[in-house]
Amino acid sequence: MRKWKVETGLSESLPVFVGVIFASISSGLGELSFLSLTVYFSRDVLGCWGSGTGGAGVAGALLYSCLTQAGLSPQTTLLIMLVVPFAMLISYFVLLVPPPSLPQWRSRETKYVAVGSEERRQLMDGSEEVEQENSIQEVSSTGPLTLTDKLHVMRGLLKFVFPLGLVYFAEYFINQGLMELLYFPKFFLSHAEQYRWYQTLYQVGVFVSRSSLFCVKIRKLWALSLLQVGNAVLLVFAVRYLLLPSAWLVFTIILYEGLLGGAAYVNTFYFISKETEDRQREFAMAAASVGDSLGIALAGMAAFPVHRYFCSL
């Protein structure tokens, strides 16, 4: 009987797991693709991207909290929000005006320019060795990146990827392993409502800090990493020893967590865009996005045993 219940539970949960997997794949591919595309637009687009992704988090979390608080089931709420992917398709293929420099919109036609008599004489007098040298230099500066070039770029990205990955590890360790356990029975919100508003405030912090690139830029990314790790350590002790007296204090800490995470994200990609050569920038933006994804994955694996341990106390 128990075996049948376990098998039934797994079969019912399988579509949920598959849906989460596909949602994560689409999110990762979208982030990688759009960050790479930002190099073909003005640098202000990166700040708008950060602000937009932060705003999307706030809108999604707030809308979900409000709809479920109003009495709609989580399933109905998610079905309503399926309109978002279709809106993204329309905005990308209909509203977005791509620049001519974008590869798939680049004209393949060769433009011929009339050559004057003086230029013709210089071309006829030039040696083949000079022409060959110029050709090699042009290919090396404008051609596709080789494997050696990519490895060189990735080594240079480590100073950005490690702090970003550490910030996201601590951030999602809090979100996945600790946040649900920060429950205050005497508060006017239920356990589920407290958790939803934790998530909403976290997204508000992310939105504010990702939008701050237009006002302030933070180059010391390691400082943000250490502050976020300190945040995680504090909440571990808070869960274990019940140190925090009120949910309002947790709301403040969660908001602060979002501010740190959003600031680390947007400043990392801003300085990568600024300090990377034009030819390497597109690959660098895509490769650096692995940092936050790796941090999130490791945080999920670490959060499982920690969450189970605290629940067993």
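Helices here are DSSP runs of H or I with at least four residues, and strands are runs of E with at least two, numbered from the N terminus. The model is predicted: local features need pLDDT of at least 70, side-chain atom pairs count only at pLDDT 80 or more, and totals for chains, interfaces and linings use all residues. Residues are numbered from 1 along each chain as its sequence is written, and side-chain values use heavy atoms, with hydrogens and water left out.

**Whole chain.** Show the cartoon. There are 11 helices and 0 strands. Of the 313 residues, 34% count as buried (under 20% relative accessible area; exposed is over 50%, partly exposed in between; 1.4 Å probe, protein chains only).

**Helix α8.** Select residues 191-210. This helix has 20 residues and spans 29 Å from first C-alpha to last, close to the 28 Å expected at 1.5 Å a residue (1.5 Å times one less than the number of residues). Its buried residues include Glu193, Arg196, Tyr198 and Tyr202. The buried residues of α8 pack against α2, α7 and α10.

**Gln194.** Stay in α8 and pick Gln194. Gln194 counts as buried because its relative accessibility is 0%. Beyond its neighbours within four places in sequence, Gln194 contacts Leu182, Tyr183, Phe184, Phe187, Leu189 and Phe251.

**Largest nonpolar core.** Next, select Leu35, Leu46, Leu157, Leu224, Phe269 and Ile272, which have the most contacts inside the largest nonpolar core, a set of 26 residues. Such a core consists of buried Ala, Val, Leu, Ile, Met, Phe, Trp, Tyr and Cys residues joined through side-chain atoms within 4.5 Å. At least two residues of this core come from each of α2 (44-69), α7 (147-178), α9 (221-241), α10 (247-275) and α11 (278-312). The largest share, 9 residues, is from α10. Zoom in on Leu157: leaving out residues up to four places away in sequence, Leu157 touches Ile272, Ala284, Ala287 and Ala288.

Finish on helix α1, residues 2-37, where Ile25 lies. With a relative accessible area of 43%, Ile25 is partly exposed.

Terms used:
Contact means heavy atoms within 4.5 Å.
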